Amino acid sequence: MCARCRGVRYKLVINGKTVISGTRHSRRFFLGPYDYPLRGIIDLTAGKAVSITVEYSNSTADTDTSGLTLGWQPKSLIPDAVAAARTSDAAVVIVNRVAGEGMDHGSLDLPGDQDKLVADVAAANPRTIVVLNTDGPVAMPWINDVEAVVQLWYAGRATGTALAAVLFGDADPSGRLPVTFPVTESQGPGATQAAYPGNGPTVSHSEGHLVGYRYHDAKNQSPLFPFGHGLSCTTFNLGSREASYNTATKTLTAAVTLTNSGFREGTEVVQLYAALPVGAQAEPRRLIGFRKVTLAPGASTRISFGVFARDLSAWSAGVWKLTPGSYTVHAGRSSRSLSVQRLVTVS
């Protein structure tokens, strides 16, 4: 085992309940997220004794770079946040989840008591906006009680300026999800013990080519937010679609008209998907193109796509194979919002 693969294992147990557990690698090789503490939450009663057990194992050779610090927050700050939200026109709650190499998540839950923070603030102020400063999908048990959710990702040193511009409407939130947000951990290809975290040293990748949104489509799973999803400060309409296949150049050409039907300038990401013939034994749909367009209110534009045969092919017997037949070309705003479609014959 290489030195960078060794690390520390830890577990904090209070009154027989595991509050925190996990593994982190040596900080000698990785700096940044490894300096952040991991958080757990448990309710304790004043004046009542508790049993605390800490398990700690350091397998690194450079023991002077790893250590263990145990701390806690004696008073919840949630009541102060609720009081502030109750007297405000709107409330913005920024939640956080740290990630990095060697820091796999045990669940989709936000760490600590952040879900309770969001729920309590939303109960005090229905105009609550949640900002996710996270590495990817998280569980959102409070989703129906908040006004909006902004996926910030890790925005870097310009976080404050960029976030303020979106929240105040100075900039259109023109990003779109590059991953699927599941409703629960039971959705997606990693929902079994064999797939994640695996059985000992063995991990099963039984999903094959059904990666990401393709798996959800093939298994008829309705996600919380689909791949490609994202809202704008205005509204858009898609129409007047065209699609054809040129046998000589082996290129599929498609075009749609995008119209800003709202009252302010905005940006839309038009996405093109294809459903291959049954004989291709492929996923239900695949992304084959996208265009990001900014339009003034009431303006329209014609968007054209050129798709090579390779992007319409399926891997079979060690080669990429283009299957003759009818291809359904979809255009829309996400993998689950496809308002325009056209049949194209490929020979």
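Both faces of strand β9 are covered: Gly-266, Glu-268, Val-270, Leu-272 and Ala-274 are buried on one side, and Thr-267, Val-269, Gln-271, Tyr-273 and Ala-275 are buried on the other. Here, buried denotes a relative accessible area under 20%, exposed one over 50%, and partly exposed a value in between, computed with a 1.4 Å probe on protein chains only. Strands (E, at least two residues) and helices (H or I, at least four residues) are DSSP runs, numbered from the N terminus. The model is predicted, and local features are reported only at pLDDT of at least 70 and side-chain atom pairs only at pLDDT 80 or more, whereas totals for chains, interfaces and linings use all residues. Residues are numbered from 1 along each chain as its sequence is written, and side-chain values use heavy atoms, with hydrogens and water left out.

Ten of the ten residues of β9 (residues 266–275) are buried, so this strand is largely enclosed by the rest of the structure. Strand β9 is joined to strand β10 (residues 286–295) by nine bridges, and the two run antiparallel. Within this pairing, Tyr-273 stands opposite Leu-287 of β10. Strand β9 also pairs with strand β14 (residues 325–332), again in the antiparallel sense, over five bridges. In that case Ala-275 stands opposite Thr-328 of β14. Two strands are taken to pair if DSSP finds at least two bridges between them. In general, strands of a sheet pair through backbone hydrogen bonds, either parallel or antiparallel.

A parallel arrangement occurs elsewhere in the model. Three strands form an open sheet in the order β4-β5-β6, with parallel pairing. Strands β4 (91–96) and β6 (148–151) are the edge strands, each pairing on one side only. From one strand to the next, the twist averages 20°. Four bridges connect β5 (residues 128–133) with β6 in the parallel sense, and the bridge partner of Val-131 in β6 is Val-150.

Strands β4 and β5, together with helix α1 (78–86), are among the elements that cover the buried residues of helix α2. In α2 (residues 114–124), the buried residues are Gln-114, Asp-115, Val-118, Val-121, Ala-122 and Ala-124. Gln-114 has a relative accessible area of 7% and is therefore buried. Apart from residues up to four places away in sequence, Gln-114 touches Arg-39, Val-95 and Asn-96, where contact means heavy atoms within 4.5 Å.

The axes of α1 and α2 come within 8 Å and cross at roughly 30°. Helix α1 is therefore roughly parallel to α2. Axes are lines fitted to C-alpha atoms, for helices over the stretch in contact, and angles run from 0 to 180 degrees between N-to-C directions. Angles under 35 degrees count as roughly parallel, over 145 as roughly antiparallel, 65 to 115 as roughly perpendicular, and the rest as oblique. The crossing of the two helices is right-handed, a term applied if the near helix is turned clockwise from the far one by less than a right angle. In this contact, Ile-78, Ala-81, Val-82, Ala-85 and Arg-86 of α1 meet Lys-116, Leu-117, Asp-120, Val-121 and Ala-124 of α2. The contact residues divide into seven nonpolar, no polar and three charged. Ala, Val, Leu, Ile, Met, Phe, Trp, Tyr, Cys and Pro count as nonpolar, Asp, Glu, Lys and Arg as charged, and the others, Gly among them, as polar.

Strand β7 (residues 236–246) contains Ser-240, a residue other than glycine whose phi is positive, near 50°. With 46% relative accessibility, Ser-240 is classed as partly exposed. Gly-239, also found in β7, is buried, with a relative accessible area of 19%. The C-alpha atoms of Gly-239 and Leu-258 are separated by 6.7 Å, although these residues lie 19 residues apart along the chain. Beyond its neighbours within four places in sequence, Gly-239 is in contact with Val-256, Thr-257, Arg-302 and Val-340.

Further backbone features are found in loops. Lys-250, in the loop between β7 and β8 (251–260), has a positive phi of about 50° although it is not a glycine. Lys-250 is exposed, with a relative accessible area of 51%. The peptide bond from Tyr-196 to Pro-197 is cis, with omega near 5°, and Pro-197 lies in the loop between α3 (159–167) and α4 (213–218).
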